[in-house]
Amino acid sequence: MSSRPILLTHASQVLTLCGPESPRRGLQMGDLGIVPDGALLLDEGKIIAVGTTDDVAKHDLSLHAEEIDCRGKVVLPGFVDSHTHPVFTAPRLVDFEKRIAGASYEEIAEAGGGIRSSIRGVRAASVEQLAEHVLKALQEMAAYGTTTVEAKSGYGLDLESELKSLYAIQLASESWSGTVVATLLGAHVVPPEYRDNAEAYVDVVCEQMIPAVAERKLANYVDVFCERGAFTLEQSMQILQCAVAHGLKTRAHVCQLAAAELGSLLKVHPASLDHMDFVADTDIASLAHSDTIATLLPAANYFLGLDHFPPARKLIESGVAVALATDYNPGTSPTPSMQFVLSVACTHMKMSPAEAIAAATINGACALGLQARKGSLEPGKDADIAIFTAEDYRELAYWFGVNRWERVIAAGQDISKAPDVSCSALSAEV
Ligand code: NIG
Ligand code: FE
């Protein structure tokens, strides 16, 4: 794309999501700030002006801008996918077949499958090989309209392999024009060598991984899988408090398989609590009064073939700030598509298309602390834009199994047809 300003004109709808730099709650989630016959002026990676085509065309910079006609298109902020696990080497096809034959996610994990079966591949891979997998995933996500991605480690589960996973995320992000936020998930499960001594593994996370990651500035967040079969609430608190002590921010997987009390987790002010399938009513009230985002991941419920979904309606109507993300991972959610997440959020959690779009953009940005730069189309924000073939925004959640993507711009660069850059051409130090 040229270095001239870019002028997008005559969009059927521009979804600005304009508003305060804070998460949308309740009825605010239904207000997308729609401009019909909309236009956007971009320059030097930033948004300069937003409004009707008539108004934006009058701007001085519009005179010599490269114009892109967006008739028949809906223009919105690039999706913010605030929960992904892209550092793995292979799909888990045996687990998939076992589940089809009737085994549950937990039964497969107890028999040595699940997260533990992704460890070997990550430990054996080089940082360049892992970075290439991550970059492919980022490019696929972009091809579905995503411009900002949170990426977790979590399949290495020893000091060296977790650092390698985070270096791979860093290396891949340098070859991608979108924005990547890295998270240490050393506490994904207890690895096999600590099977009988989970506490000793928690010590490895706290005494080795977190200090090493903080010192090397390899991640902004520390995550923990606080769940039956993974880490107890006490162990999770130990890990999250250690993260805070090292200047890192926190988030947690919780209430995916079983109910848990959120009171102590909320005390560390996590940026988000994710899954929340079994969140208790009393905790919904506390969440509504906190800054913590509830990130719902319904593609995982879909892929696991579950009937139960997170209680999105109750959360939204209680005033909890809800975000949506893919949970891209080889075990429970092998999809890069936020468009699919919109569909399943509407059909299975009864979110309205407008609520789902707010959850996938501005509230996702809030879950990553990026609301000053991302998640809405307002002057001064990053020029991260997704353009879809549709007359009406509701079509984004209506059509499914197809990609209505037309063009994706990140920091003013067209990344729709990104070259397949190979990370092995790049060097990395571990
Ligand atoms: O968010 N729940 C923990 N982590 C992932 C699953 C990871 C896996 O099965 O590989 C999730 O669903
Ligand atoms: Fe996850």
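Started at the end of H13: lysine 350, just after that helix, takes a positive phi of about 60°. For my own bookkeeping, helices (H or I, at least four residues) and strands (E, at least two) are DSSP runs, numbered from the N terminus. This is a predicted model, where I need pLDDT of at least 70 for local features and 80 or more for side-chain atom pairs, while totals for chains, interfaces and linings use all residues. Residues are numbered from 1 along each chain as its sequence is written, chains are lettered from A and ligands numbered from 1 in the order in which they are written, and side-chain values use heavy atoms, with hydrogens and water left out.

Stayed on H13. The helix covers residues 338-349 and is mostly covered, with 10 of its 12 residues buried; buried means under 20% relative accessible area, exposed over 50%, partly exposed in between (1.4 Å probe, protein chains only). Among the buried ones I noted Met338, Phe340, Leu342, Cys346 and Met349. At the helix start, a side-chain oxygen of serine 337 comes within 3.3 Å of the backbone nitrogen of glutamine 339. I log that as a polar contact (a pair of N or O atoms within 3.5 Å; within protein, one must be able to donate a hydrogen and the other to accept it, and residues adjacent in sequence count only if both atoms are side-chain atoms).

Then looked at arginine 116, which sits in the loop between helix H3 (105-110) and helix H4 (119-124). Its C-alpha is 7.5 Å from that of tyrosine 155, though the two are 39 residues apart along the chain. A polar atom of the arginine 116 side chain lies 3.1 Å from the backbone oxygen of valine 190. Leaving aside neighbours within four places in sequence, arginine 116 is in contact (heavy atoms within 4.5 Å) with Ala109, Val189, Val190, Pro192 and Gly229.

Last stop, threonine 295, in strand S12 (residues 293-296). Why do I call threonine 295 buried? Because its relative accessibility is 0%. Not counting residues up to four places away in sequence, threonine 295 touches several residues, including Ser82, His83, Asp274, His275 and Ala367.
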